[in-house]
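Hello,

Please find the structure below. My notes on it follow.

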Amino acid sequence: MATGSTARDGGAVRAPEDDQVLDAFAEHLRFERGRSEHTVAAYSREARSLLVHLHEVERIELADLDVTALRSWLGARAEAGLASSSLARAAAAARTFTTWLARTGRIPQDIGGRLKAPKRGRHLPAVLSQGQTEELLEAAEHGTTPPRPAGGAHGTGRGERSGRSADDRSIDGQLADDSRREIDEALRRRDAAVLELLYSSGLRVSELVALDLRSIDHAERTVRVLGKGSKERIVPVGLPAIRAIEEWTGTGRPVLASGGSGEALFLGSRGGRLGDRAVRTLVDRHAQEAGIRRHISPHTLRHTAATHLVEGGADLRSVQDFLGHSSLGTTQIYTHVSAERLRSTLDQAHPRA
């Protein structure tokens, strides 16, 4: 119960051993449970928040954690303005944390199962219409690539300082322009392949950037995906996506490839594996080019793919396998999305709506 052993770090009072506990918990999530880095970071944040609450508000040590303190922490999170969905995620992280704490002997028993979060409100995911999706894919196929800073493909002006002739500098400039056009074309092919695959397969962005060249079976038109919890699934891929990937790997990827590219399917402009932040940026940019006014993300394309499947008559079990959901209840949200879209269409078009 004493607080003399705590230390102040960045404005938050913590016990000196808290960092060790959090590091060990992160290692457990990463290596024993196979969670993604995104989940590891999110659960670690919630665990840290709980520890700070114990020291600053409850004035107790970790070994004294009980369900009352746990509920007090979640109540404070609610008072801070967290949405019900965020509270549900916080509660899930806390339950995982307390289970691990009990298993490793840091608390006497697991009390996390008695923590109940407020029920999630039903927030339907935003999706694109089929027309908007076509416009987005067309924008990627024929769109532009982001500007790059001067230098590199454009040269640095060293020819002028070295006293070379104007003809020599003209040739260098032409070569630089040709190189830039080649890189821009490679990036265009990459972006088109990324967007086609996101929509065709409904992949999470973390799944997409982890793909290797061998992940694509061109003959069977499938992609082998390592999803959440290191669960592997095979997802069918549409012909337009396969063609876009073949154009990228055949003529685009070799332009960007470097010694550090390895077997990564999608590359960044410097030749390394494409990151999820770059994917989010290119999706948003091509959406703007397509005239889509609101912000969209890679996950918007995942929601869109699932919704279009349901609207096309796909059964929920098939969509569940397609998305890699562990629970059918998670997949059922797309039936609600389709109903909302149908209702909107009827309201606009039906004479007696």
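**Cores, sheet and one glutamine**

In the largest nonpolar core, which has 50 residues, those touching the most other members are Leu136, Val194, Leu195, Leu197, Leu208, Phe266 and Val279. A nonpolar core here is a set of buried Ala, Val, Leu, Ile, Met, Phe, Trp, Tyr and Cys residues joined through side-chain atoms within 4.5 Å. Buried means under 20% relative accessible area, with a 1.4 Å probe and protein chains only. The top contributor to this core is helix α7 (residues 166-201), with eight residues. Apart from it lies another core, of 31 residues, including Leu22, Tyr43, Ala69 and Leu74.

This is a predicted model: local features need pLDDT of at least 70, side-chain atom pairs count only at pLDDT 80 or more, and totals for chains, interfaces and linings use all residues. Residues are numbered from 1 along each chain as its sequence is written, and side-chain values use heavy atoms, without hydrogens or water.

Val194 contacts Leu208, Phe266, Leu274, Val279 and Leu282 (heavy atoms within 4.5 Å), leaving aside neighbours within four places in sequence.

Now the sheet. It is open and antiparallel, in the order β3-β4-β5. Strands are DSSP E runs of at least two residues, helices H or I runs of at least four, numbered from the N terminus. Pairing takes at least two DSSP bridges between two strands. β3 (216-217) and β5 (232-236) are the edges, each pairing on one side only. β4 (residues 222-226) joins β5 over five antiparallel bridges. Arg224 has Ile234 in β5 as its bridge partner.

Last, Gln320. It sits in helix α12 (residues 316-323). Gln320 counts as buried because its relative accessibility is 8%.

Best wishes
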